[in-house]
Structures are given as structure tokens and as C-alpha cells.
Amino acid sequence: MLREICVRDFALIDEARVEFLPGLNVLTGETGVGKSLLIGALHLLLGGRASAGQVRTGAKGASVDGVFDLPKGELRKEIGAMLNAEQDDEMLITRTVDTEGRSRCRINGRPVTVAILREVGRRLIEIHGQQDHENLLQPAEQRLLLDRFAGVEGLRGDFEAAYRKAVEQRRRREDLAARREERRRRMELLQHELNEIDEAELGADEEERLESERRLLVNAERIATVTRTGHEVIYEAEGSLVERLKAVARELEGIAEFDPELKEACDACEQCLVQLEDLAMTLRQCADRPEFDPAALDRIERRLDLIRKLKSKHGDSIEAVLRRRSAIAEELRDLSAETEELATADERLRQLVAEMVRLGEGLTAKRAAAGEKLSRQVEKELKGLGMRNGRFEAQISTAAVGERDSALESAGPAGFDAVEFMISPNVGEDLKPLRKIASGGEMSRIMLALKHNLAKADRTPLLVFDEVDANVGGRIGRTIGERLRGIARSRQVFCVTHLPQIASFADQQYRVAKEVVDDRTRCRVERLDEGARIVEIAEMIRGDRSTTVTIEQAREMLDDARSRR
């Protein structure tokens, strides 16, 4: 419930701090004094549109603060989840607007977006004014009210989820079917590329190895000539290096005993001979290799050419080509999965539609039962609200449910049903849509009758009725007051009214007045004690100042209202 509201520099309100209590809270005052300004401040506080025109002339900005009591339960948990913070039993909401029309929102001191504020506000307060009467004329709103009365919000949510899954599955199936030929061509191309790479049987270091072999083959004759000549010079030719070095070694061996350094020189000479002989053997082996093989070179050139072509198509290295091969294989698997999915898409869609139809039939059945019950109860309420011959019916039209696609075409996010509130205000008249024949006074009473019956199903802790007495007289006003008090037994209710009959049923009454101070007009809001309340109701009866007679009538009204608790 709303425990306190503080409004500063909002339109004609310079500053107003009002504390509210549970039950029926009534706002009264002369026409034009600004009773609806307080409702406008509530609209702003709970995420309504902000504008520079809301700022009091001469002020830097307007602000509205509201303190709400949140008892333990689902509502507190839900709001805590929305704010991503644990919520205690008191919540402070602040909304400010500057002269440029910029607004800021805070909940418990933390900045929030207008969207979040609006969602939180929607769960705290429901405001009913002339605009809401217009909403009540819309079939979609009527269906929502019927669902709330039937308590099928959960089932409706399940249906909407099933409906959206079926719609998405149909879109997916149609997309898969539309891409069938494109997918086939793509798979053929990818399979060709995959085969091309696989048939090449590439090795990770193959290109470097082939380039090395190619260089050997291209330079085979030169290698043979150089190595053969080197072998002869070192080992075979007359006067070869080995022969000459052996002679030196023999001479040194003969004199080595005379000088230790010569002994070392002799050993070094022996080591050189071993190395020269090894070198000669290596050159001999290189010289004895097979001669230049044009066929082998051709094979290598063709293999290198294949590798270059694959690299030009798939990457700048064999490693990149092999990575591309993995990517092609993965895409082929995905496309194959799509092909298989298309084969099962119809069955999946059939299952989803069957589930949607099952939920929709359950929703229709519950709506039909609730529609009959609501029709009887509203009709009874209307008789008590002065429409003695009025007939009311929550008419439900259910679309024919066919096979798969036709079932989807017949459905919407809220089910297969269209709901239209029908009314016949007078004897002998046929039931007709509410949107076509209801007058302003009838709309106020129908709204009240619906709200009275929806009170138990509605979780909103505060209901606000702005001008609920529009176009109705005092006799009906008394009945409206009784209904408002009935609603206020389970929640907090605010009501702006001009009728003393309604005001007399209030648990608390507030007077809104307009005054001129220092050549400035301002509004003030005050809670009335018993004496002031009697005077206010007496003035509402007469239309101007109270008299002894109207004072007595006011007392009688209050006593009568109390006796009907």
C-alpha cells in the first residue's frame, strides 16, 4: 500500500505531504481545484510521461516521492527480482522532472530506468480514469480482464510460449525448405573441395621436402662433377692430398722423438688424414648417386604444382589448407544436419501444434466457464448499480482449429478465442458490443462492477478510481460507495469523487483546495477529521456553504455508511 506521498513544485502544488491509511481513501473538493493533480503525480511517480509543463512556474524542477509498504509474499519477491536486489518491507520511489523535461527515477536511492519504474509501478498501483474506460472498450483488454477473473494467467503464459515455439518452428521449417536447392548446391561444392584436398593426401612438411628433392635433381650433374673431382683431388689422383699428407706424417714420425712439439704435430697430421679420408668417402658417395632423373623431377614438379593450386584456393600454406579442410567438413556436417532436420521438421511442428492446441482448448474451456460466472455476477452488480433491466454477457468466439498451419493461422499469442463484452441496458434491446452503445455513466458502473468481481483475483495492492462517479446521480452514488468499500476490504483504494454519497463510505477523506498566496495559486491537500468531514460532505450536498440542514444530512449519511460496514 501507499503509506505516504510527497509532491513538490508539481503543476499547482508547491508542496504537499500526505499520509494514507489502508481501506477507502476519498479525495474531494470543488471542481477545478486540482484533485486529479494528485492522481497525475501518482502517474508520474510510477513511470508515466514526464514533461517540462509539469514543473510549477518559477521552480527549477518537480519531484514526487512515494513510500510503499510491501508485506512478505510474491509481490515483494517479484519486485526484488526486477530490481536485482533484496527488497524489505518499505520501498521509496522518487521521480524528478526539470524544466527541460528530463526526468530521473530512483528506487530505494538507486537509479533505475523509466521502463523498470513502469514495470514496478504496474505491480503496485492500477489507475482507472476516463482513459481506462476507453481501454475497457477494447476486446483485447476485455479478454485480459476475463483471464484475470478466471485465474488463467499461468495457462495463458504457457499457451503463448507454445504458440511462439510453433511459429518459430514453422518459420524454421519454411526456411529449411526454401534453402533446400541452395543447400544441395553448396554441399556438392564443399564435397568436391573436400575430395580434392583428401585425394592430395598432403603431409604437413611435404612441400619443404619436395623442394629439397627438386633442388637436388635440378643440380644433379653439377653435384656429381664437383664431388667426383673433389674425391680425386683428396684421395685418388696421383699426388692427392691424402698421399702427400701421409708422406709428411711419415717424416714427422721419424723426428718426433727429438721434440715434444713435433710429436703433437705428428698426431694432428694423423687426425687430418682421418678427416680427409672421411670427406673423400662422403664425396664418393655423393658422386655415386643415380644420375639426373627427368621422370622423378617431373613427378616432383607436378606434385608441387598441385600443392600450389590447393594453396591458392584454400590458404597460404599446407597447414592452412588442412585447417580449411576441417572447416569444410564441419560445414558439411551442419548442412547434413539441416537436411536431416528438414526430414523431421514436420513431425516436430506437428507435436508443437498439438501441444498448443491442447493448451488452447484448456484455455477456452476455462474462459467459457469464467465467462458464464462473470456474466451472472456483473449482471447482478449492475442491477444494484441502477441498471435493473441490464443484461451483460462475456461473449467468447473460438476460431475453428484445423490441422497444423491452419491451427497456427487461427491462433494468436493469447489463444484461439476472441472476447467481447456485450450489454443490453434496457428491456427489449438485443445484446450489443459494449464499445458501441455504452454511455459514460454506464461505463463507470460497468468498470466498477468488473473491478468489484475481479478484486479477489487482482493482486494489485492499490486501486485508484478517478471520476468513477461520472454521469451518475446520488442514488447510484450510494451503491458505488458500498462497492468501493467492498473492494477496499482486500486492498487500498483511492477515489476522486464529487458525490457526498460516495464520500460518506470512505475510511479516510482528504480535501483538495486551491488558494492564492503572495499572488500565486497553489493547491493544498489535508486529511479531514470527523468535524471537518461533516462540513465537507454538507458543502458537497448543498453545492456551496453548509447549513444546519445539510450538516444534519451529512451526519446521517456518515452514520448510515458506518452501519453498512
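Me: By class, how many nonpolar, polar and charged residues does the lining of the largest pocket have?
Reply: This is a predicted model. In the lining of the largest pocket, the classes come to 16 nonpolar, eight polar and 16 charged residues.

Me: What is the volume of the largest pocket, and which residues are the closest to its centre?
Reply: The volume of the largest pocket is about 1,100 Å³. Its lining has 40 residues, and those closest to the centre are Arg122, Ile125, Glu126, Arg148 and Thr460.

Me: Which helices and which strand each supply at least two residues of that lining?
Reply: The strand is S8 (125-128). The helices are H1, H2 (74-83), H3 (114-124), H4 (130-136), H5 (139-150), H6 (153-178) and H16 (440-454).

Me: Is helix H1 largely enclosed by the rest of the structure or largely open?
Reply: Buried here means under 20% relative accessible area. The buried residues of H1 are Lys35, Leu37, Leu38, Ile39, Ala41, Leu42, Leu44 and Leu45. Because eight of the 11 residues of H1 (residues 35-45) are buried, the helix is largely enclosed.

Me: Which residue just after H1 takes a positive phi?
Reply: The phi in question is about 100 degrees. The residue that takes it, just after H1, is Gly47.

Me: Is the protein a compact globule or more spread out?
Reply: The secondary structure comes to 20 helices and 15 strands. For 565 residues the globule rule gives 24 Å, and the radius of gyration is 47 Å, well over that, so the protein is more spread out than a compact globule. Along its principal axes the C-alpha trace spans about 160 × 65 × 40 Å.

Note on methods: Residues numbered from 1 in each chain as written. Predicted model: local features only at pLDDT ≥ 70, side-chain atom pairs only at ≥ 80, totals over all residues. Heavy atoms only, no water. Buried < 20%, exposed > 50% of the residue type's maximum accessible area, 1.4 Å probe, protein only. Helix = DSSP H or I, 4+ residues; strand = E, 2+ residues; numbered from the N terminus. 1 Å grid on protein atoms, 1.4 Å probe; cavity = no way out; pocket = protein on both sides within 12 Å on 5 of 7 lines; lining within 4 Å. Points joined across faces, edges and corners; volume = space filled by probe spheres on them. Nonpolar A, V, L, I, M, F, W, Y, C, P; charged D, E, K, R; others polar. Rg over C-alpha atoms; globule rule 2.2 N^0.38 Å.
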